[in-house]
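Hi,

Here is the structure I promised to pass on to you. Have a look at it on screen first, then read my notes below.

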Amino acid sequence: MKLGTKLIHAGVEPDPSTGAIMTPIFQTSTYVQAAPGDHKGYEYARTQNPTRHALQNALAAIENGKHGICFGSGLAATDAIMKLLSPGDEVVASSDLYGGTFRIFTKVFAKYGIKFHFADLQDASGLRGHLNAATKLIWLETPTNPMLNIIDIAACAAIAKEKGILLAVDNTFASPYLQNPLDLGADIVVHSATKYLGGHSDVVHGAVIVKDDELAQQLAFIQNSCGAVPGPQDCFLVLRGIKTLHVRMQRHCENGEAVARFLRDHPKVGKVYWCGFEDHPNHGIAQKQMRGFGGMISFTLKDDSMDAALKVLSGTHLFSLAESLGGVESLIGHPASMTHASIPREERLKNGLTDSLIRLSVGIEDVSDLIEDLKKAIG
Ligand SMILES: *Cc1c(COP(=O)(O)O)cnc(C)c1O
């Protein structure tokens with residue numbers, strides 16, 4: 001089955017009790033048993049919920065995995081993956097990371113004796129130098145946030161396999177429409193479904209997708225034992241979002257390209273970061289592992305001051321100043337003071353994240369209105 005069909009049909013069945021074509025929101029905490037232990041596969045809603053079950057199956061299908069495990073947020077999904085590890089274990093993570101991921105690694109899990117190394121993995125062969133006998137997990141984000149660097153997933157997967165280390169890929173920015181890390185050899189895919197999967201900025205949700213049965217069992221054990229499960233209403237919203245992922249992503253890509261090219265030609269704009277440019281340092285890898293280049297763009301101004309950036313940030317009307325990304329509406333953000341404020345400034349600058357960097361999540365509005373909005377704001 002092709003992705004466009006899978007997105008609409010995978011994981012969902014008409015409700016057996018009514019025939020409802022849309023998966024009902026099973027807003028219940030428990031399920032009645034005919035006799036002790038005689039039940040319909042559902043005992044208690046932290047452990048199983050039919051709405052969540054449908055979503056988990058849909059996610060597994062669209063990432064070409066076997067098992068989906070859902071959580072109350074993207075970071076709750078990351079939290080569950082980290083709980084696969086033990087004190088003394090080490091993690092190598094790509095250095096240009098979502099701020100909240102950097103925070104949970106360094107401020108929460110470092111306390112429990114897990115050691116983190118951050119490495120620029122744009123040249124995947126450099127990965128070897130960061131591994132040792134204690135390395136148990138490699139963590140990648142690609143495209144990276146907010147610099148839109150691309151990391152070669154297949155090359156990292158080959159090294160991980162050779163060394164027997166798990167490879168997790170945060171696929172939030174690409175979404176399963178643009179990239180399927182499990183097909184490239186990754187062991188674990190993580191999503192903040194808050195972003196493109198939900199797609200309408202109306203839900204916070206996270207997911208992990210794997211192929212391996214044993215890994216899935218361990219993650220489901222953590223999901224049930226630690227309890228960071230999403231509510232059924234939130235699962236419903238993500239299920240609904242997934243059904244239009246392909247048409248939304250098509251438009252995000254088209255609009256993203258038009259906005260990236262407009263910015264690049266603008267005399268007041270400095271650098272434009274978008275992996276679809278032929279001269280992007282890793283464009284070749286993007287072309288190889290992605291089916292399109294998405295709607296996430298970062299750029300700087302020639303006047304590289306905070307003030308100039310703030311003027312643009314407060315000058316747009318269609319691009320709303322807000323954290324988050326991946327919704328139908330366009331957003332504009334300032335990573336240094338917003339999404340990435342939890343990363344120390346020296347660390348940010350090392351990755352090229354300057355104080356004037358502006359990040360866009362290009363939505364699916366009419367692109368001529370979006371460009372007009374930016375034109376006025378940049379002046
Ligand atoms: C938003 C985001 C997360 C965290 O997800 P939440 O749903 O906000 O907890 C993780 N990774 C990336 C790339 C994100 O953009």
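Predicted model: local features only at pLDDT ≥ 70, side-chain atom pairs only at ≥ 80, totals over all residues.

**Helix pairs**

Let's start with α2 and α8. Helix α8 covers residues 232–242, and α2 packs against α8 at an angle of about 35°, with the two axes 9 Å apart. The crossing of α2 past α8 is left-handed. If you want to see who touches whom, α2 brings Thr51, Arg52, Ala54, Leu55, Ala58, Leu59 and Ile62, while α8 brings Pro232, Cys235, Phe236, Val238, Leu239 and Ile242. Sorted by type, the residues of this contact of α2 with α8 are eleven nonpolar, one polar and one charged.

Next, find α3 (residues 74–82) and α4 (residues 99–109), whose axes are 10 Å apart and whose packing angle is about 45°. How do we label an arrangement like that? Because of that angle, α3 counts as oblique to α4. Here α3 passes α4 in a right-handed crossing. On the α3 side, the contact is made by Leu75, Thr78, Asp79 and Met82; on the α4 side, by Gly100, Thr101, Arg103, Ile104, Phe105 and Phe109. The residues of the contact of α3 with α4 come out as five nonpolar, three polar and two charged.

The crossing of α9 past α13 is right-handed. Helix α9 makes the contact with Asn255, Ala258, Val259, Phe262 and Leu263, and α13 with Val367, Leu370, Ile371, Leu374, Lys375 and Ile378. This contact of α9 with α13 splits into nine nonpolar residues, one polar and one charged.

**The ligand**

Now zoom in on the ligand. How many residues surround the ligand? There are 13, and the closest are Gly74, Asp170, Ser192, Thr194 and Lys195. The side chain of Asp170 has an N or O atom 2.6 Å from a nitrogen atom of the ligand. For Ser192, an N or O atom of the side chain is 2.8 Å from an oxygen atom of the ligand. Leu75 uses its backbone instead: a backbone N or O atom there lies 2.9 Å from an oxygen atom of the ligand. You have met Leu75 already, as one of the α3 residues in the contact with α4.

A bit of background first: most residues other than glycine have a negative phi, and most peptide bonds are trans. Where are the exceptions I'd like you to check?

- Thr142 to Pro143: this peptide bond is cis, with omega near -5°. Pro143 sits in the loop between β4 (135–141) and α5 (153–163).
- Asn145 and Pro146: a cis peptide bond joins these two, with omega about 5°. You'll find Pro146 in the loop between β4 and α5.
- Asn64: phi is positive, about 55°, although this residue is not a glycine. Look for Asn64 in the loop between α2 (50–62) and β1 (67–71).

Cheers

Notes. Residues numbered from 1 in each chain as written. Heavy atoms only, no water. Axes fitted to C-alpha atoms, helices over the stretch in contact; angles between N-to-C directions. Helix = DSSP H or I, 4+ residues; strand = E, 2+ residues; numbered from the N terminus. Parallel < 35°, antiparallel > 145°, perpendicular 65-115°, else oblique. Left-handed = near helix turned anticlockwise from the far one by under 90°. Contact = heavy atoms within 4.5 Å. Nonpolar A, V, L, I, M, F, W, Y, C, P; charged D, E, K, R; others polar. Near = heavy atom within 4 Å. Polar contact = N/O pair within 3.5 Å; in protein donor to acceptor, adjacent residues only side chain to side chain.
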